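Keep the 3D view open and follow along as you read.

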Amino acid sequence: MTLEDIVEIAYPQQPHCPTILILDTSGSMMVNDKITRLNEGIALFKDEIGKDELARKRVDLAVLSFGQKVNVIQDFTSIEEFEPEEPVADGLTPMGEAIKRAVEMLGNRKDEYKKEGIDYYRPWIFLITDGEPTDMYEGDEMWKEVTNLVHEGEKAGKFLFFAVGVEDADLETLAKIAPPTRTPVKLKDNNFKDMFLWLSKSQAKVSASGVGEQIVLEDPIMFGWAEMPTF
C-alpha cells in the first residue's frame, strides 16, 4: 500500500455529507469587490458549521475554483481541518471543466466512504458564478457531456446540484445547465454573507437528519439572499 492509498477521514463512525463548492474566480469577480465578499462568506460558513456539534462531524467539504484554470483549492476535509487558500479573481470562466471535475471528485469520495464502511448523505454541489461558461457553448460536445452529468446525476440521486448567479451572470444559460427541477437563483445585492449563512443552516439540518430522510430546506428567497431570475 502506498501513501496515496491511505485516506484518513475524520469521524468515520459518523455518516458524512460531502459538499463541494464550485466558485467562479474569473476576472469579473473583482468588480464590486465580489471576490472579497465571497471569501468572507466562506469564512463565515466555516465558523457557523463549526458551532454545530453534528454538522462539525458530518459535513465533508471541498472547494473548486475556476478562472485562470480549474483549481482544487481544498480537497475533501472536515470543517476543523478546512483551511482553503483564498481564491483570487483572474482569467476566464471554464465552468464546464469545473463541473466535470466536481462530479469526478464526488465519485471518488463516495468510493472512499464505501471502502471505509462510512455511510453518507446525498452529496451537494453548490455552484456560484457571475458569468457564463467560456469552455462550452450550447450544443457542443462539452455542453452535452456536462448537462448530461448534471441532469442525470441529479435524477439518479447521485447529488443535489444548486446554482447561484451573481450580478451579470447569464441565468438563462445557467438554467439550462442546472437540473430542470431546481431553477438557479440570483444572488440579491451581492449578499454572500446571508447565502453562506443559509448554506450552513441547511447543512446543519441535513446533518441532524437520518441518511435518506427527506427534509425541507428553508426557501432562499424567503431567507432574503436570493431572488428568482428573469429571462
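Predicted model: local features only at pLDDT ≥ 70, side-chain atom pairs only at ≥ 80, totals over all residues.

Let's start with two helices: α1 (residues 34–51) and α6 (residues 192–207) pack with their axes 8 Å apart, at an angle of about 25 degrees. Residues are numbered from 1 along each chain as its sequence is written, and side-chain values use heavy atoms, with hydrogens and water left out.

**How α1 and α6 meet**

- On the α1 side, the contact (heavy atoms within 4.5 Å) is made by Lys34, Arg37, Leu38, Gly41, Ile42, Leu44, Phe45, Glu48 and Ile49.
- On the α6 side, the contact is made by Phe192, Lys193, Phe196, Leu197, Leu199, Ser200 and Gln203.
- Sorted by type, the residues of this contact are nine nonpolar, three polar and four charged. Here Ala, Val, Leu, Ile, Met, Phe, Trp, Tyr, Cys and Pro count as nonpolar, Asp, Glu, Lys and Arg as charged, and the others, Gly among them, as polar.
- The axes are lines fitted to C-alpha atoms, for helices over the stretch in contact, and angles run from 0 to 180 degrees between N-to-C directions.
- Helices (H or I, at least four residues) and strands (E, at least two) are DSSP runs, numbered from the N terminus.

**Helix α1 by itself**

- α1 has 18 residues and reaches 26 Å from its first C-alpha to its last, close to the expected 26 Å. The expected span is 1.5 Å times one less than the number of residues.
- Which residues of α1 are buried? They are Lys34, Ile35, Leu38, Asn39, Gly41, Ile42, Leu44, Phe45, Lys46 and Ile49, where buried means under 20% relative accessible area, exposed over 50%, and partly exposed in between (1.4 Å probe, protein chains only).
- The cover over those buried residues includes β1 (17–24), α2 (53–58), β2 (59–66), β4 (124–129) and α6.
- An α-helix has 3.6 residues a turn, so residues three or four places apart point the same way.

**Helix α6 by itself**

- α6 has 16 residues and reaches 22 Å from its first C-alpha to its last, close to the 22 Å expected.
- Because 12 of the 16 residues of α6 are buried, this helix is largely enclosed by the rest of the structure.
- Among the buried residues of α6 are Phe192, Met195, Trp198, Ala204 and Val206.

**Helices α3 and α4**

- The axes of α3 (95–116) and α4 (141–155) come within 10 Å and cross at roughly 40 degrees.
- α3 and α4 are therefore oblique to each other, and their crossing is left-handed.
- Gly96, Glu97, Ile99, Lys100 and Val103 of α3 meet Met142, Glu145, Val146, Leu149 and Val150 of α4.
- That contact divides into six nonpolar, one polar and three charged residues.
- Leu149, in α4, is partly exposed at 28% relative accessible area.
- Leaving out residues up to four places away in sequence, Leu149 touches Lys100, Val103 and Phe159.
- Leu149 and Ile99 are 50 residues apart in sequence and 8.6 Å apart in space, C-alpha to C-alpha.
- Lys144, also found in α4, is partly exposed, with a relative accessible area of 46%.

**Loop residues to look up**

- Most residues other than glycine have a negative phi.
- Asn32, in the loop between β1 and α1, has a positive phi near 60 degrees and is partly exposed at 47% relative accessibility.
- Asp33 is found in the loop between β1 and α1, with phi near 60 degrees, a positive value, and is partly exposed at 43%.
- Beyond its neighbours within four places in sequence, Thr93 is in contact with residues including Asp24, Phe66, Thr129 and Asp135.

How values were computed. Parallel < 35°, antiparallel > 145°, perpendicular 65-115°, else oblique. Left-handed = near helix turned anticlockwise from the far one by under 90°.
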